[in-house]
Amino acid sequence: MLHEGSKAVKQANKLSSKTLEKYIVTSEESSDYIYSIATPAEVPEAEKRAMFSMIETNLKHLYVGSSMGWDEQEKRDELFNIHSRYVLGRKNGFLVGYTSFRFEHEDDWDILYCYEVQVLGSYQRQGLGRALMRHLISIGKNCQMEKINLTVFKANEAAGALYKSLGFSLDESSPDEEDRADYEILCYSLE
């Protein structure tokens with residue numbers, strides 16, 4: 001028998017990109033950008049290359065120096081997983097930022113797991129990352145998820161500060177201080 005929570009995740013995973021786009025919120029900070037939702041199959045190859053390039057530019061150095069290490073193929077597989085969804089942010093027709101997320105059921109929780117928040121360098125610190133995260137919060141609420149989880153490197157202080165300013169806090173699944181992990185798992189309650 002299905003756990004009640006896994007039904008919500010299965011239903012969310014069946015939603016089309018067009019349906020999920022209805023949950024994109026509009027605000028003054030996000031009005032300079034055009035947003036859309038896509039699955040890996042709906043993203044053109046050139047944009048897939050741009051998406052991966054943002055990860056390499058923004059995070060590869062953190063992965064290389066971390067306990068996780070950098071494995072290019074593993075990162076590609078994670079980013080373009082068949083269950084992944086993206087909120088894509090464009091300006092003047094060009095992809096300038098995105099989030100990668102999945103609906104998952106983990107430890108009795110229905111979760112929108114945010115795998116990536118990536119913004120081109122010249123567009124950072126202009127509200128795009130905050131707007132992308134607000135879209136995820138709206139999507140999670142409208143899909144009846146219980147929380148949003150994400151993993152952030154402790155060395156990525158700007159990202160950690162952004163998430164905490166939005167109301168994210170340390171998740172119960174995050175490693176303890178004595179584990180000396182170089183990352184933490186944050187959560188945002190949607191209940």
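Analyst: A charge is said to sit over a ring if NZ of Lys or CZ of Arg is within 6 Å of the ring centre and within 35 degrees of the ring normal. In this structure, which is a predicted model, the charged end of Lys147 sits over the ring of Trp109, 4.3 Å from its centre, and 4.3 Å is within the 6 Å limit. The charged end of Arg76 is likewise placed over the ring of Phe52, 3.9 Å from its centre.

User: What else is Phe52 part of, among the aromatic residues?

Analyst: Phe52 belongs to one aromatic cluster together with Tyr63, Trp70 and Phe153. A search of the whole structure finds eight aromatic pairs.

User: Why is the pair of Tyr163 and Phe168 called tilted?

Analyst: A pair of aromatic rings is described by the distance of the centres and the angle of the planes. The rings of Tyr163 and Phe168 lie 5.9 Å apart, centre to centre, with 55 degrees between the planes.

User: How do you know whether Ser6 is buried or exposed?

Analyst: Ser6, which is found in helix α1 (residues 4-14), has a relative accessible area of 13%. Buried means under 20%, and therefore Ser6 counts as buried. Leaving aside its neighbours within four places in sequence, Ser6 is in contact with His105 and Asp110. Ser6 and His105 are 99 residues apart in sequence, while their C-alpha atoms are 5.8 Å apart in space.

User: What makes Lys18 and Glu21 a salt bridge?

Analyst: The closest N and O atoms of Lys18 and Glu21 are 3.5 Å apart, and because the limit for a side-chain nitrogen and a carboxyl oxygen is 4 Å, the pair qualifies. The two residues are three residues apart in helix α2 (residues 17-21), which means that about one helical turn separates them. Lys18 is exposed, with a relative accessible area of 61%, whereas Glu21, at 21%, counts as partly exposed. The value for Glu21 is not under 20%, and so the residue is not called buried. The structure holds nine salt bridges, and Lys75, Glu78 and Glu116 are linked in a network of them.

User: Why is the pair of Lys164 and Glu184 said to link distant parts of the chain?

Analyst: The side chains of Lys164 and Glu184 meet in a salt bridge at 3.1 Å, N to O. Lys164 is in helix α6 (residues 157-165) and Glu184 in strand β7 (residues 183-189), 20 residues apart. At a relative accessible area of 45%, Lys164 is partly exposed, but Glu184, at 13%, counts as buried. In another salt bridge, the side chains of Arg102 and Glu104 meet at 3.7 Å, and both of those residues are buried.

User: What makes β1 and β6 edge strands of the sheet?

Analyst: The open sheet has seven strands in the order β1-β2-β3-β4-β5-β7-β6, with mixed pairing. β1 and β6 (169-170) each have a single partner strand, so one side of each is left without a neighbour in the sheet. Strands of a sheet pair through backbone hydrogen bonds, either parallel or antiparallel. β1 is joined by five bridges to strand β2 (residues 85-91), the two running antiparallel, and in β2 the bridge partner of Ile34 is Arg90. The bridge partner of Leu170 in β7 is Leu186.

User: Why is strand β1 described as mostly covered?

Analyst: Four of the five residues of β1 (residues 34-38) are buried. In the protein chain as a whole, buried residues make up 48% of the 191 residues.

User: How do you know how the radius of gyration of the protein chain stands against that of a compact globule?

Analyst: A compact globule of 191 residues would have a radius of gyration near 16 Å, and the protein chain has 16 Å, so the two agree. The C-alpha atoms fill a box of roughly 45 × 40 × 35 Å, taken along the principal axes. The chain has six helices and seven strands, and among contacts between residues at least 6 apart in sequence, 65% join residues at least 24 apart.

Terms used: Residues numbered from 1 in each chain as written. Predicted model: local features only at pLDDT ≥ 70, side-chain atom pairs only at ≥ 80, totals over all residues. Heavy atoms only, no water. Buried < 20%, exposed > 50% of the residue type's maximum accessible area, 1.4 Å probe, protein only. Contact = heavy atoms within 4.5 Å. Pairing = 2+ DSSP bridges. Phe/Tyr/Trp six-rings, centres within 6.5 Å; stacked < 30°, edge-to-face > 60°. Rg over C-alpha atoms; globule rule 2.2 N^0.38 Å.
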